[in-house]
Amino acid sequence: MEILGVDEKLTGGDTSWRERLVEEPEAIASVLKQARRVAVIGIKPEIAGGPAYYVPQYLQAHGYEIIPVPVYFPDITEILGEPVHRELHTIEGPIDLVVLFRRSPDVAQHVDEIIAARPRAVWMQLGIANEDAAEALARAGILVVQDRCTKVEHQQLR
């Protein structure tokens with residue numbers, strides 16, 4: 001069986017990557033507790049509003065450094081008082097967590113960029129899941145949370 005160009009016969013059927021698919025509440029909490037620098041792909045400016053604005057705003061208000069990486073809004077140069085980046089590779093320094101506000105089918109187009117950035121974890125917001133992308137990220141050694149809201153999960157920590 002071939003998935004994302006990885007031949008299972010070559011990997012010996014290794015499924016250890018599945019351990020990096022984060023689903024347990026304690027492990028989800030750990031991802032949030034260990035993150036400080038958060039790149040948000042698909043963030044929106046205040047004028048657009050919605051969860052892609054107010055969730056990162058909430059995280060910023062609770063001590064996270066938010067690095068905006070909008071997909072649209074080409075004229076916007078700053079969101080939440082931070083300079084906008086159009087690609088992860090332009091961000092200096094390590095990224096602890098990449099949060100995705102993208103439709104599930106659109107997540108795949110960011111996988112190579114995310115793997116190159118080497119964050120500790122990737123978080124697909126509530127309603128967003130892409131099993132192929134999650135597998136590729138997990139096989140690259142990155143923790144993956146899918147279909148969860150960072151704001152809701154953070155509020156449960158408190």
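Let me start with one residue. D147 is partly exposed, because its relative accessibility is 39%; the partly exposed class sits between buried, under 20% relative accessible area, and exposed, over 50%, with a 1.4 Å probe and protein chains only. D147 has a positive phi of about 55°, although it is not a glycine. Its place is the loop between β10 and α6 (150-157).

A word on the source. This is a predicted model, where local features need pLDDT of at least 70, side-chain atom pairs count only at pLDDT 80 or more, and totals for chains, interfaces and linings use all residues. Residues are numbered from 1 along each chain as its sequence is written, and side-chain values use heavy atoms, with hydrogens and water left out.

Back to phi. Most residues other than glycine have a negative phi. R118 is not a glycine, yet its phi is positive, about 55°. R118 lies in the loop between α4 (111-117) and β9.

Now the whole chain. It has six helices and ten strands. Those are DSSP runs, numbered from the N terminus: H or I of at least four residues for helices, E of at least two for strands. Along its principal axes, the C-alpha trace spans about 50 × 35 × 30 Å. The radius of gyration is 15 Å, which agrees with the value near 15 Å for a compact globule of 158 residues. That radius is taken over C-alpha atoms, and the globule rule is 2.2 Å times the number of residues to the power 0.38. Of the 158 residues, 45% are buried.

What about contacts? Contact means heavy atoms within 4.5 Å. Take the contacts between residues at least 6 apart in sequence: 62% of them join residues at least 24 apart.

Next, one unit in detail. β4, helix α3 (residues 51-61) and β5 form a right-handed β-α-β unit. Right-handed means that, with the strands pointing away from the viewer, the path from the first strand over the helix to the second runs clockwise. Strand β4 (residues 37-41) pairs with β5 in the parallel sense, over five bridges. To count as paired, two strands need at least two DSSP bridges between them. V40 stands opposite P68 in β5. Strand β5 (residues 65-69) is mostly covered, with four of its five residues buried.

And the helix? In α3, the buried residues are A52, Y53, V55, P56, Y58 and L59. Their cover includes β4, β5, β6 (78-79) and α6. After α3 comes G63, with a positive phi near 95°.

Which residues have the most contacts inside the largest nonpolar core? They are V31, I66, L97 and W123, in a core of 26 residues. A nonpolar core is a set of buried Ala, Val, Leu, Ile, Met, Phe, Trp, Tyr and Cys residues joined through side-chain atoms within 4.5 Å. Elements giving two or more residues to this core include α2 (25-34), β8 (97-100) and β9 (121-124). α3 gives the most, with five residues. Another core lies apart from it, with 24 residues, among them W17, A136, A138 and A140.

Follow A136. It is in helix α5 (residues 131-139). A136 counts as buried, because its relative accessibility is 16%. A136 and Q109 are 27 residues apart along the chain, and their C-alpha atoms are separated by 12 Å.
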